Structures are given as C-alpha cells and as structure tokens.
Amino acid sequence: MEHAATHETATGLPTWKLGFWTFIGSETLFFGSLISTYMVYKGASVVGPYPHEILNIPLTTISTFVLLMSSFAMVLALAGVQQGNRKQALIWLAMTAGLGATFLAFQAYEFTEFYRHGLTLSTNLFGSTFFILTGFHGAHVTVGVIWLTILWVMALRGRLGPGDALKVEVAGLYWHFVDVVWIAIFTLVYLLQ
Amino acid sequence: MATAETTALRTAPAHRSGLWSWITTVDHKRIGILYGATSLFFLLVGGLEALLIRLQLAVPDNDLIGPELYNQLFTMHGTTMVFLVGMPIAVAFFNYIVPLQIGARDVAFPRLNALSYWIFLFGALLMNSSFLFGAAPNAGWFGYAPLTGEQYSPGLNIDFWVLGLQVLGVASIMGGINFITTIINLRAPGMRLMRMPLFTWMALVVSFLLITALPVFAVALFFLTFDRFWGTKFFVTSAGGDPILWQHLFWLFGHPEVYILILPAFGIISDVLPAFTRKPLFGYAIMVYSGILIGFIGWGVWAHHMFATGLGPVADAFFAAATMIIAIPTGVKIFNWLATMWGGSLRFDTPMLFCIALVGMFTIGGISGVHHATAPANLQQTDTYYVVAHFHYVLVGGLIMGVFAGLYFWLPKVTGRMLDERLGKLHFWLTVIGVNLTFFPMHFAGLLGMPRRIFTYSSELNLGSINMVITIGGIITAIATMIFVYNLWRSLRHGAPAGDNPWNAHTLEWATTSPPPEYNFGRIPEIRSREPMWDHPEEMIAAAQHVPEKPIHMPSPSYWPIFTAFGITLTAALFLTKIWWTPLLGLLWTAVGVVNWAFEPLER
C-alpha cells in the first residue's frame with residue numbers, strides 16, 4: 001500500500017526534520033533582528049534606569065545554567081525514547097520541562113524586580129528593547145515547556161515508543177535552538193554591557 | 001479530541017465536491033485554485049483602487065476624491081497588489097504546478113498548506129474590513145515610522161495595517177517552509193536538482209527569500225505594534241528612537257520581497273518559452289545560477305531605497321554598486337530568453353505573447369532601475385512618478401505579464417478546457433497598449449517634477465495632458481482585464497477540451513490528465529532528463545496515467561486548518577478592541593485548534 005505522506009524522500013531525510021530545520025532558519029532571522037535592534041539601541045536611552053544599574057549577572061548566570069542543563073536533560077530524554085526506555089524518557093522529559101519552567105520563574109522574578117526599580121516597556125529604549133527581546137525568548141521557552149509536557153503525557157500513556165522518536169527529536173531541535181539563542185542573549189545583553 | 005463529525009469524515013469516502021470539501025481540502029491542487037481565485041479577486045480590488053486614483057489625477061486641481069480617501073486608496077492599492085495579489089498568485093502557481101513538475105503526490109505538509117491559505121484569506125479580509133470602518137491604512141505601503149506611530153497616526157488605520165500584515169506574514173513563512181521541504185524532499189526518483197524545471201527552481205529560491213525576509217518584517221511590525229499599543233519607544237524620536245531603523249528593517253524585508261514577486265514570473269516564462277519555440281531553454285544551468293544569485297545579492301541592496309536619508313558616501317557607493325551588480329544575472333536571463341527564441345520555430349499563442357511582452361517591458365523597468373541605483377540621480381528621482389513608472393514596469397510589465405502567460409499556459413491543465421485564443425489576443429494587445437500608455441508617460445511626469453502620493457497637482461505644472469493620457473491608459477487596462485475575466489468565465493462554461501498536453505510542452509505536469517487525479521501520478525515516474533515529455537513522453541504518460549490497482553492513500557480532509565487560521569486572525573483582530581484580555585480569547589481558540597490538529601491522524 002502506498003502512502004503519499006510517508007513514501008521515501010529524495011534526500012533520505014525525514015520530511016518533518018527538514019521542514020523543522022527550515023523553520024529554525026527562519027527563526028534565526030527573527031531573533032537576529034531582535035538582537036541587532038538591541039545592539040543598535042545600546043546606550044541610546046535618554047533616561048534611566050540603564051543596563052548596568054539593573055542587570056543582575058549572578059542571578060542570570062544561575063538561570064542560564066539551569067537552561068543549559070535542560071538541554072542536557074533533553075538529550076537523555078531523546079535517548080530514552082529511542083531506546084524504548086519509558087522510565088528514562090519520562091524522568092528526563094519531566095526534567096527538561098521542569099528546568100525550562102524554572103528558567104521562566106527566574107525570568108518572571110527578574111521582570112518584576114525591574115518593574116519595581118522603575119523599568120517598564122515604555123520607560124526608555126533599554127526597557128523596550130530588553131523586554132521585547134527577552135520576552136519573545138521567554139515566549140519561545142513557554143511554547144517549548146508546553147510541547148514537552150504534552151510529550152510527557154503521551155509517554156505516560158504509553159503512546160511514545162521508539163517509532164515516535166522523531167517527534168521528540170524535533171522537539172529537541174526546537175529546545176536546543178531556544179537554548180542557543182539564550183546563550184547569544186546572555187552574552188550580548190548581560191556580559192557585554 | 002475527535003468529535004463524532006471528524007470520525008465520520010475520516011471514515012467517509014473522499015468528498016470531491018460541495019462547499020465543505022473546499023473548506024476541509026488539503027489537496028495542493030484545490031488549495032492552488034483557492035489561492036488563484038482569491039488573488040485574482042484582489043487583483044480586481046487593487047485595480048479598482050488604481051482606477052479611482054487615476055480618475056482623481058486625470059485633471060489638475062481635481063476634487064473628486066479628497067486627500068484622506070486618496071491616502072487610503074494608494075496605501076491599499078500598494079498593500080493589496082504586493083501582499084494580496086503578487087505573493088499569493090505566485091503561491092497559487094507553486095501549489096498547483098510544483099508538485100506536478102517534480103513528480104510528487106502532494107506538498108510535504110498538506111494541512112499546513114491549507115492553514116497558510118486560510119490565514120492568507122482571513123488576513124486579507126481583516127485588512128480590507130478597515131474600509132467598513134472608514135479607516136483603511138493611509139501611510140503608504142511601506143508605512144514609514146514615525147509617521148505610522150501613535151503620535152502622527154492615532155486612528156485605527158495603521159492598527160489594521162500592522163495587524164493584517166502580521167497575520168499575512170505568518171502564512172508566507174509557513175508557505176516557504178512547506179515548499180522548501182517539498183522541493184528538496186519529494187522529488188520523483190531521477191528528478192535531480194539540475195533536472196528540475198526552472199519554475200520549480202525559482203519557487204525554491206523564492207521560498208528561501210520568504211523564510212528569511214518575512215521574519216525581519218515581523219520584527220519591524222512587532223516594534224511598531226508595541227509602540228502603538230503599549231508605548232514602547234522603538235520609533236519615538238524624543239526618547240532617542242531612530243526613525244531610520246524602521247526603514248532598515250522594512251527594506252531588509254522589502255528588497256528581497258521585490259525578488260519574491262518577480263522570480264516566479266521569471267520561472268513561469270522560462271518554462272513557457274521552450275514550448276512555443278520547440279527548443280530547450282538556452283543555458284539551463286546559468287539560468288538556475290543567475291536566479292540563485294539574484295536572490296542572494298537581493299539581500300545586500302536594501303539601502304538603495306534609502307539614499308535620500310543621507311547614509312554617507314561609503315554606504316551609498318556600496319549599495320549603488322551592489323544594486324548594479326544585480327543587473328548582470330538579470331541581463332543574463334533576458335539574453336538567455338532571447339537566445340531560446342533565436343532560431344526556434346516560434347508559435348505566437350497567447351502565453352507566448354505575454355512572455356515576449358515580459359522580456360521587453362521588464363527590460364525597460366530594469367534600465368530605469370539602474371538609473372535609481374545611481375545614487376546622485378536617485379536623489380533627483382526619489383518620490384517622483386519616475387519611481388512609480390519604474391516599479392510598475394517591473395511589476396506589471398514583469399510579474400503580471402508572467403502571471404497571464406502562466407494562466408493561459410496552465411489553466412487548461414487545471415480546468416481541462418482551453419481559453420479562447422481570439423479573446424486572449426485581444427486581452428493581450430489591449431493590456432500591452434493600456435499598460436504602456438499608463439506607465440511610460442509616468443517617466444516624463446516624474447522627471448518634470450510630479451511627486452508621488454499627492455492627491456492633486458496645480459494646472460501651472462502643465463502636467464494635465466500627460467496625466468489624462470495615463471488615466472486613459474489605465475481605463476484601457478481595466479477593459480483588457482474585464483475581457484480576461486470574461487474569457488475565463490467562458491472557458492469554464494464552453495471552453496474547448498484541452499487534452500493532456502495542448503502545447504506539446506516538455507515538463508512533467510503535462511504527462512497527467514487535465515485536470516489531474518487527486519493523487520497526481522498513478523505510478524511515480526522515473527525521470528531521466530530535463531525535458532521528460534519531449535524525450536520519453538510515452539513512458540511518462542504511462543506512469544502518470546497508470547490506473548492504480550489499490551487505492552492510493554492521500555491525506556484526509558481536515559477542518560482544523562481553517563479553525564486554527566480563524567483563531568490566529570481573531571487574536572490579531574481583537575487587539576483592535578484595545579481591551580487587553582480580549583486577544584487571549586483568540587489565543588485560546590488557536591490553542592484548541594493546534595491541539596486537535598496535532599492529535600488528528602494524517603490519513604484516512
């Protein structure tokens with residue numbers, strides 16, 4: 001029986017994976033534009049608070065570490081699904097989503113702190129560029145956490161066998177991409193003030 | 001998740017007719033038809049807007065249309081023609097033709113394809129619904145900030161513009177992803193990259209431009225949206241915001257967009273010309289490379305739209321030189337089309353006539369493009385009708401001619417019926433006369449100092465007679481387009497049966513029946529050359545029209561794409577209420593759609 005959507009591909013690459021890489025390519029330009037704008041407007045604010053007064057590097061270093069570790073957990077989760085090890089898949093999917101949620105909690109705390117110090121979207125150019133850039137990144141992490149949670153529920157119901165590894169792999173691609181974007185943001189926004 | 005209705009749909013045999021079958025279709029051919037019909041409709045809308053503009057400008061000191069409505073008309077004319085006609089009509093051709101040309105049964109992501117279409121339709125309706133509020137966008141199709149900021153454009157006009165375009169952009173990015181994956185991954189055995197028809201190649205280049213250019217525009221639109229709705233400072237000069245940033249981001253998208261619009265037309269005529277010259281395309285490989293080069297360099301020329309902002313001599317020199325370099329691969333294409341025709345046994349059917357018109361008229365537009373690229377001359381020409389003449393020569397003389405060539409060429413495959421040749425030739429000649437009468441005098445009007453985007457002009461400028469000629473040209477073009485619409489209607493009713501390959505063309509889509517079956521190819525053919533229908537026609541036809549012994553499983557119809565598309569558009573539309581929580585309703589709707597979609601089985 002021939003299946004239109006599943007017959008062999010011209011490159012041998014799964015269609016889903018190729019499509020998703022293309023999407024990531026597109027996302028690179030999206031975050032590239034956001035980051036470039038942040039860089040262009042660096043030092044352009046005419047009123048405070050300014051970045052050096054408010055950015056908390058030690059705290060963000062911890063949350064960066066948390067996000068990096070979630071990528072590690074993602075690798076183990078994928079390995080678990082590929083090997084059909086349901087327990088490993090469940091533990092590490094939960095770990096990935098949990099670390100992602102922890103990162104978001106750090107971000108929520110950071111945003112509230114900034115708000116209390118008088119920095120909002122509309123305070124100055126720093127506020128506008130900072131909140132939009134990190135906010136869009138946070139929104140991406142949120143989507144990732146929801147996605148991982150759905151995968152975890154599927155694994156819990158026994159609907160995530162080795163045959164579904166591609167689903168987890170694609171989620172992993174997304175998760176690692178979001179992580180890499182954060183490394184760029186952390187370096188350019190926090191470390192290189 | 002699955003309601004009783006979806007279960008019924010999954011088990012029922014494929015419904016091939018009726019409104020519901022169109023709403024739930026995931027067949028690339030039907031989605032192509034939907035894209036085509038919608039964009040032809042908006043061609044008429046955008047054309048009507050143009051006609052109103054021309055009636056206003058026909059005589060000096062005219063007060064037929066006031067300045068407010070005039071601003072809305074030229075903004076919506078530009079926005080409509082670029083986003084609701086030029087881009088989607090190319091996608092209509094991509095949808096219908098590309099899978100047939102590469103020997104695929106459908107696109108890589110059929111439901112995503114349907115989602116793209118519905119988002120496009122709803123986004124177009126959202127944008128145009130602004131007319132109902134008397135608040136159509138009114139700041140030009142490139143929406144320069146800070147003019148488009150809250151301070152200078154307080155009404156709903158620009159809100160409709162930013163939200164509508166944001167929605168339309170989503171559709172384009174998803175379309176780009178779909179076609180890159182389709183073209184790279186779903187080629188028939190033996191359909192190597194360098195055997196693909198030029199149209200498919202240009203679709204691939206355009207798809208790369210879509211996925212790279214549109215996100216930049218999305219970011220620019222987000223900045224402007226946040227400025228307008230939540231008081232961010234991106235384009236607020238008093239807070240240190242730089243108005244040039246909008247121009248950079250806009251044209252970083254906007255110039256690749258120019259090639260998004262024109263490369264499909266280049267692809268179309270590269271596949272049409274050989275059929276009417278009985279010769280393979282001259283210099284196939286160099287045509288592919290020059291198309292890729294145009295797309296690539298197209299990313300490095302955006303600031304030639306910004307010479308007047310005073311970028312400085314170094315930047316001016318760089319962007320002037322880069323822009324002129326694009327003339328080289330473009331010139332290569334022009335000469336290769338000429339060389340394809342040289343010494344061929346030419347047949348002048350309507351598709352061929354439109355191809356020839358494209359080659360001639362695009363060249364005129366290309367030459368005035370080089371004039372603009374010359375930075376000092378640009379300062380003289382910018383914001384005059386010389387610019388209007390230029391881009392209408394490339395977009396009407398290029399894109400629209402290519403589209404009509406493609407429609408006369410491929411519609412017989414789509415409908416199984418020919419368009420009338422006599423009406424076609426009448427349509428062609430009236431179009432060529434009307435278009436040239438409209439846009440050629442604009443060069444003179446521009447050089448004589450007629451500014452763009454001003455609702456009237458003084459009789460002392462002595463531009464009355466030129467403008468009257470231009471308006472008459474516009475009316476002739478409108479009559480020509482009506483003849484096309486009549487021809488289309490007539491063909492659907494009484495058109496002569498087309499047969500499978502009425503033009504004796506060389507590419508794979510002509511191996512199937514007209515119209516093709518839902519599964520396109522009974523057996524996927526094995527491709528052995530660039531001109532399969534000239535080199536091994538019997539073999540290709542035998543494979544394509546092979547009657548399958550067992551039913552071929554195609555992706556099931558689904559209503560989740562239209563459901564999700566509605567949610568996405570609703571989210572954007574609810575921002576117009578300026579009540580902060582209302583867009584959450586749209587997001588919730590979208591989430592329901594996405595989750596149901598994710599758990600719906602792909603095949604019945």
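**A tour by selection**

Begin with chain A coloured by secondary structure: from the N terminus on, its elements run α-α-α-α-α-α, that is, 6 helices and 0 strands, where helices (H or I, at least four residues) and strands (E, at least two) are DSSP runs numbered from the N terminus. This is a predicted model, in which local features need pLDDT of at least 70 and side-chain atom pairs count only at pLDDT 80 or more, while totals for chains, interfaces and linings use all residues. Residues are numbered from 1 along each chain as its sequence is written, and chains are lettered from A and ligands numbered from 1 in the order in which they are written.

With chain A still selected, its C-alpha trace spans about 65 × 35 × 25 Å along the principal axes.

Next, select the contact between the chains, which takes 31 residues from chain A and 37 residues from chain B; two residues are in contact if their C-beta atoms, placed from the backbone, lie within 7 Å. On the side of chain A that touches chain B, α1 (15–40) and α5 (125–156) each supply at least two residues, and the largest share, 13 residues, comes from α1(A).

Then move to Ala405(B), which, leaving aside residues up to four places away in sequence, touches Ile268(B), Ile269(B), Val272(B), Pro351(B), Phe354(B), Cys355(B) and Leu358(B).
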